[in-house]
Amino acid sequence: MRLYCLLLALISANLVNEKVTRVFDATTQLLKTSASVQIRNDGKASVSVIQLSADAFNADKLIFLDAKVGNKKLKIDGNLKASLSSPLEPGQTVTLEIEEIYHGSVKPFPTEIKQADKQLVLVEVNLYYTSPYKTETSTAKINIGTKKTESLSKTGKLEGSAVKLEQKKDFEGGSSQKSRVHFENNSPFLVAERLEREVEVSHWGNVAVTDKVWVKHTGATLKGSFSRFDFQRQDIVSD
């Protein structure tokens, strides 16, 4: 068993991320990521499994992961290992289209605001593509849906309503560096907290299903009392 693990590690070490393109979407309460990863097999044996990784600074917030090759969805196990439909032979490349969703990565900052204040949020992602394999070229941007930023890391540059991250080349697997964006985001931060389903059966055998969803606000909390007059006035001014 130990020998098998060593061989598997050796084979995995021969995989290279030839080209990585990532797009983060931080315009809502959920951080969504689309990544196109071109992987090359530099080894002498075929490979059927590719190890995926969640973003180094958001791994505990991952709630969805999907990977495809063309139109074929790959099977991913609990250890984030994706099984290819056909082995990747030595010298060959394959391109994975990866979708990820993180909950709690778009964080209100500050966590308390007054009624008239704009809601500011903070997003932190890995400047490098998180992977156990070496990467040759990696580019990324974060769509924030606004030009109103409070601050951003030196590794990022505002371009329209997106922050383009610094291109990175020839870095080893496991590389990480935090890249931050602090910006205005007034999207409602609501999450489903509890779901109850009621099923009613009539005398005539008809079935009615009603879903009751309780939601909670996860954005910045209100500092002070709520004024309906100020709220309506603010809407008029902003229009």
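Leu80 is placed in the loop between S6 and S7, where strands are DSSP runs of E of at least two residues and helices are runs of H or I of at least four, both numbered from the N terminus. The structure is a predicted model, in which local features need pLDDT of at least 70 and side-chain atom pairs count only at pLDDT 80 or more, while totals for chains, interfaces and linings use all residues. Residues are numbered from 1 along each chain as its sequence is written, and side-chain values use heavy atoms, with hydrogens and water left out.

Leu80 is not a glycine, yet has a positive phi of about 65°. A positive phi, of about 50°, is also found at Asp170, again not a glycine. Asp170 belongs to strand S15, which spans residues 162-171, and is exposed, with a relative accessible area of 53%; exposed denotes over 50%, buried under 20%, and partly exposed the range in between (1.4 Å probe, protein chains only). The peptide bond from Phe109 to Pro110 is cis, with omega near 10°. Pro110 is located in the loop between strand S9 (107-108) and strand S10 (112-113). Most residues other than glycine have a negative phi, and most peptide bonds are trans.

An open sheet is formed by 3 strands in the order S3-S7-S6, with antiparallel pairing. Strand S3 (47-51) and strand S6 (75-76) are the edge strands, each pairing on one side only; two strands count as paired if DSSP finds at least two bridges between them. S3 and strand S7 (residues 81-88) run antiparallel and are joined by 4 bridges. Val47 has Leu88 in S7 as its bridge partner.

Over the whole chain, the secondary structure comes to 2 helices and 19 strands. Of the 239 residues, 32% count as buried. Leaving aside residues up to four places away in sequence, Ile142 touches residues including Phe24, Val125, Val163 and Val181, a contact being heavy atoms within 4.5 Å. Of the contacts in the chain between residues at least 6 apart in sequence, 72% join residues at least 24 apart.

The chain exposes about 14,500 Å², of which carbon and sulfur atoms supply 51%; accessible areas come from the Shrake-Rupley method with a 1.4 Å probe, and for residues only the protein chains shown count as cover.
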